[in-house]
Amino acid sequence: MMSDNLKKVDLSCISWKVIKNDGLDLEYTVPIPRSVADGILMELEETLCFFTGDLAKIKVFGKIYPLPRQQVAYGDPGITYTYSGITVPALPWPKPVLMLRDFLFTLKGIKYEFVLVNKYRNGNDHMGEHRDNEPDLDPKYPIASISFGEERPFVLKHKDARKPGPLKKNISPVIIKLEHGSVLLMNPPTNDLWYHSLPTRKRIKGARINFTFRKMVQKNIF
């Protein structure tokens, strides 16, 4: 079971790699040993169910397309998350995903209310350039990403490096290989200034499952 596997992780010997560059503030580590991560991935493959129908689509420049990956969202009661013109409901936390949230709390002391889960079935599945800076998100907290399965490159580009002509700044992309059992923290102000993506890698045949845990803005209910 996942709870037993995560108890095997020795948090006392974890070291974080810090990456900073012009508003970029990242922390990266691989705290979950491969043998443990293998068991977790197997359990996730057997238990996760992904959105279908309209919730498996995305709006790009006003047009609706099928998501180039599988997706589902979990969270505390009543939470929804809107991005790219699509609003997804947070389903109740399944036990394996709740265990990962608790693991993050033990690791960094942050209790997240919401997670977006993306499964990349193979190297053709991908995610385009975007920033996770929606108003639903609390900008004071990092987005925490946990990855299982195939190693994939995670590409970050400064927003000013994407501008055309003389407005473009010469800021090099930052590429991180997200390993099996890894944790990445995107600390503020990263998502205000940097776009990120997971590009296609056609030679990759296996799957990757990624969890992006998010702190949500607390809304007053009258």
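1. A nonpolar core is a set of buried Ala, Val, Leu, Ile, Met, Phe, Trp, Tyr and Cys residues joined through side-chain atoms within 4.5 Å, where buried means under 20% relative accessible area, exposed over 50% and partly exposed in between (1.4 Å probe, protein chains only). The largest such core here has 63 residues, and those with the most contacts inside it are Phe 148, Phe 211 and Phe 213.

2. The model is predicted, so local features need pLDDT of at least 70 and side-chain atom pairs count only at pLDDT 80 or more, while totals for chains, interfaces and linings use all residues. Residues are numbered from 1 along each chain as its sequence is written, and side-chain values use heavy atoms, with hydrogens and water left out.

3. As to the overall fold, the chain has 4 helices and 15 strands, which are DSSP runs (H or I of at least four residues for helices, E of at least two for strands) numbered from the N terminus. Buried residues make up 50% of the 222 residues, and the C-alpha atoms fill a box of roughly 55 × 45 × 40 Å along the principal axes.

4. Contact means heavy atoms within 4.5 Å. Among contacts between residues at least 6 apart in sequence, 79% join residues at least 24 apart. Phe 211, leaving aside its neighbours within four places in sequence, is in contact with residues including Leu 44, Val 97, Val 117, Ile 146 and Phe 148.

5. The count of salt bridges comes to 12, each being a side-chain nitrogen of Lys or Arg within 4 Å of a carboxyl oxygen of Asp or Glu. One of them joins Glu 113 and Lys 215 (2.9 Å, N to O). Because Glu 113 lies in the loop between α3 and β8 (114-120) and Lys 215 in the segment after β15 (208-214), the pair ties together parts that are 102 residues apart in sequence. Glu 113 is buried, with a relative accessible area of 11%, and Lys 215 also counts as buried, at 14%.

6. In another salt bridge, the side chains of Lys 108 and Glu 27 meet at 3.1 Å, N to O. This pair links distant parts of the chain, with Lys 108 in helix α3 (residues 95-108) and Glu 27 in strand β2 (residues 24-29), 81 residues apart. Lys 108 counts as partly exposed at 32% relative accessibility, whereas Glu 27 counts as buried at 16%.

7. Phe 61, in the loop between β3 (57-60) and β4 (63-66), counts as exposed because its relative accessibility is 85%.
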